[in-house]
Amino acid sequence: MRLPPRPTPATSRAKPSATLDTPLARLFRLRPKVAQGLKRLNLTTARDLLYHFPSRYEHLCAFKRIGEVQDREEVVVFGVVTNLKVGKTFRTQKPVAEAVVKDGSGSIRARWFHQPYMAKILQEGQVVKLSGVVYGTGAKRYLANPDVEPTTIAPEEVHHSLFSAQEIASEGYLAIYPETKGVSSLWLRAAVRSVLQRVPPSELPDPIPESVRERYRLPDLSRAFRWAHQPRSDKQAHAARKRFAFEEIFSLQIARAYERRQYQSHPSIRVTTDWSAVASFMRDRFPFAPTRAQVRAAREIHADLTSPRPMLRLLEGDVGSGKTAVAAAAIFATVTAPRSSNRYAPLQAAYMAPTEILARQQFASLCELFAHLPLRVGLITSSGAWVFPSKTNPTQPTRVSKPQLVRWVKEGSVGVVVGTHALIETQVQFAELALVVIDEQHRFGTAQRKALARKDAIVPHLLSMSATPIPRTLALTFYGDLDLSILDELPPGRQNPVTKVVAPAKRAQVYQEVKRELSAGRQAYVICPRITAPDTQNALALQARSVEEEARRLKESVFTEWRIGVLHGKMSAKEKDAVMQDFLAHRIDILVTTTVVEVGVNVPNATVMIIESAERFGLAQLHQLRGRIQRSTHQAFCYCFAESWGAATRKRLAIFAKTADGFSLAQADLILRGAGDLSGARQSGFSDIGMEALKNIKLVSAARKEAYALVAADPTLSRHPLLAARARAQLARVHYE
Ligand code: ADP
Ligand code: MG
């Protein structure tokens with residue numbers, strides 16, 4: 001067997017000491033395979049290596065090397081399984097399973113009498129832990145009916161190092177790392193050991209202040225590295241993980257707190273509109289009575305707007321909770337704010353929507369809500385620009401050239417601008433931008449959020465909105481720089497959709513139920529995960545239904561007398577728009593679509609949804625989709641089909657079916673799949689340890705509290721250069737999408 005590469009010191013003489021910043025290539029002579037492996041794992045410096053934590057530990061209790069076991073001794077050994085077979089005992093002809101188990105020191109037979117199935121359970125080449133009694137001596141030795149436990153130890157480890165005393169410095173806890181070709185756990189353990197010997201404690205200053213460590217009983221950095229990589233007990237490993245989880249969340253919170261302070265060190269424009277004016281706007285202009293939650297949120301926002309400090313607020317509310325109305329109230333307050341005598345143009349507001357469909361829809365709502373004001377509203381997307389009201393027809397918007405709109409915005413004669421990314425890309429300049437609203441903010445990176453708000457000395461108030469009901473720990477972590485307003489109440493009269501997870505055999509019955517609703521005048525969505533059938537023989541890929549095929553199939557053999565439309569992201573904005581208009585005007589009964597309808601689309605009469613290949617979507621995403629049919633007082637129905645029907649899928653979909661509240665679903669997703677699988681959190685730049693910690697509200701709250709206290713006491717972070725550096729690095733990396 002080929003031995004895995006081991007780290008060789010770069011110089012053979014006395015080992016030079018190192019710091020955390022020393023490149024691994026300077027510390028070790030790296031063979032090309034190893035160098036490539038390290039690159040894949042993103043490990044460049046000693047610091048990277050020490051922060052590459054084990055994914056788990058194998059507990060090696062008092063085991064023996066196979067070469068040293070004695071007759072009649074009760075032992076635990078580890079070895080590679082070979083020569084598996086089933087035979088008969090010599091005299092009695094009873095069935096017996098046999099294997100030869102080897103480690104670097106020797107081999108021994110294991111025999112399981114009357115248990116021929118053992119041969120099936122075991123696998124050649126697997127490393128197992130055997131406990132049992134030894135019989136015989138020399139080549140005849142065997143373990144009789146030993147207990148077997150499979151392990152995750154790599155075979156080559158058993159062959160040598162596992163059994164060298166030095167390797168098991170950790171007294172029986174063997175660190176198992178995320179590995180890659182060329183860089184095994186074995187290599188990593190040896191490299192970590194060497195680095196820990198060579199980096200003197202003076203080179204391990206702790207980014208977490210001592211007082212904070214003491215308050216939460218966190219081990220210091222040097223000790224925590226040892227405990228993480230070479231624990232002597234579960235407790236040590238656990239304490240180390242907790243410390244690094246805290247460190248990660250703490251430094252991110254520092255970054256957020258710092259950002260917030262930076263932003264708020266700029267002045268913003270005070271919006272001095274009376275609350276009573278906003279309240280009567282909400283009462284008189286909305287076609288409905290606002291919910292208590294909407295009024296509360298609008299009030300919180302109003303309080304922010306009237307203060308000289310720029311607002312940084314997140315409005316979180318489940319789909320359909322009515323965030324648009326709250327945003328409209330904020331915009332109303334801004335554009336009607338009293339001006340000083342020499343200013344005639346209104347203060348301006350920008351509204352960023354994630355998609356073109358949504359931008360148009362919000363533009364239309366705002367035009368209607370502000371129709372009574374002497375105010376011009378603009379829309380700018382990649383396909384053009386519009387302004388309301390039109391000179392010739394004052395109840396309608398009219399198309400204008402982009403440069404024209406940009407000019408009007410710059411001189412201040414257009415008070416509200418709705419737009420997509422185009423708003424940033426066209427670099428629209430404002431005369432006096434006082435408020436920026438960002439809808440479905442998780443769709444925009446922090447960078448984009450900043451790009452709009454950038455602006456010189458005076459910064460706008462910022463209102464982010466999100467329908468992604470993320471668990472509190474995540475909200476605190478990712479949006480740690482924002483104050484939170486929550487719409488925890490749906491408009492009255494809304495009924496929760498009836499959600500059914502349907503077994504494949506019941507498809508026909510579902511179509512009957514859908515036809516019943518269509519006949520009653522309702523409309524339906526059919527959601528498919530992909531646009532076209534894939535050009536592949538890959539069975540797994542083929543399992544996901546496609547919009548185009550499904551639309552054809554439904555037209556030909558299921559809903560033959562209904563009008564079917566198709567919508568997906570590959571269509572041009574114009575085509576999409578036309579289809580949405582047709583659907584809204586009920587010229588289409590069934591809209592077969594991808595998740596482009598996920599965000600914000602509003603067609604109240606559509607109350608039926610079929611989700612195909614539902615197993616492909618996360619719970620949060622399913623919930624977003626279902627939100628589309630929760631926009632009226634008609635009873636809504638949501639049917640989920642799955643292409644794979646495993647226990648995990650069924651369990652997840654069952655939770656979806658019985659849970660109506662998005663926050664509980666997000667929490668369930670977090671527990672069920674871990675933060676790593678939570679839509680959005682995956683690319684967030686957190687380590688596994690940090691992800692794990694996101695389940696822990698106490699830890700997250702504590703880290704946040706400490707971070708804000710620290711930044712308040714040291715606003716420039718000049719007394720905490722280590723934290724400043726760590727926070728900066730993290731800011732560049734960590735975001736929630
Ligand atoms: P979201 O929070 O998902 O953005 P919207 O603002 O799009 O929700 O509102 C969803 C629907 O609910 C819209 O049709 C809107 O007109 C309606 N709506 C909003 N607030 C109320 C309310 N207080 N009472 C009744 N309907 C409301
Ligand atoms: Mg919305």
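In this predicted model, a nitrogen atom of ligand 1 lies 2.9 Å from a polar backbone atom of A289. The protein covers 84% of the 570 Å² of accessible area that ligand 1 has on its own. The space that ligand 1 takes up is the largest pocket.

**Polar contacts of ligand 1**
- The backbone of A289 supplies a polar atom at 2.9 Å from a ligand nitrogen atom.
- K323 contributes through its side chain, with a polar atom 2.7 Å from an oxygen atom of ligand 1.
- At S321, a polar backbone atom is found 3.5 Å from an oxygen atom of the ligand.

**Surroundings of ligand 1**
- There are 16 residues around ligand 1, and Q294, G320, K323, T324 and R494 come nearest.
- K323, one of these nearest residues, is also the residue whose side chain places a polar atom 2.7 Å from a ligand oxygen atom.
- Sorted by class, the shell comprises 7 polar, 5 nonpolar and 4 charged residues.

**Cysteines and disulfides**
- A disulfide is a covalent bond between the sulfur atoms of two cysteines.
- The search for such bonds, run over the whole structure, returns 0 disulfides.
- C367 has a relative accessible area of 5% and is therefore buried, as this value is under 20%.
- C528 is likewise classed as buried because its relative accessible area, 0%, is under 20%.

Conventions. Residues are numbered from 1 along each chain as its sequence is written. Chains are lettered from A and ligands numbered from 1 in the order in which they are written. This is a predicted model: local features need pLDDT of at least 70, side-chain atom pairs count only at pLDDT 80 or more; totals for chains, interfaces and linings use all residues. Side-chain values use heavy atoms; hydrogens and water are left out. A residue is near a molecule or strand if one of its heavy atoms lies within 4 Å of it. A polar contact is a pair of N or O atoms within 3.5 Å; within protein, one must be able to donate a hydrogen and the other to accept it, and residues adjacent in sequence count only if both atoms are side-chain atoms. Accessible areas come from the Shrake-Rupley method with a 1.4 Å probe; for residues, only the protein chains shown count as cover. On a 1 Å grid over the protein atoms alone, a cavity is a set of points where a 1.4 Å probe fits but cannot get out, and a pocket is an open set with protein on both sides within 12 Å along at least five of seven lines; lining residues have an atom within 4 Å of a point. A molecule sits in a cavity or pocket if more than half of its atoms lie within 2 Å of its grid points. Ala, Val, Leu, Ile, Met, Phe, Trp, Tyr, Cys and Pro count as nonpolar, Asp, Glu, Lys and Arg as charged, and the others, Gly among them, as polar. A disulfide is a pair of cysteine sulfur atoms within 2.5 Å. Buried means under 20% relative accessible area, exposed over 50%, partly exposed in between (1.4 Å probe, protein chains only).
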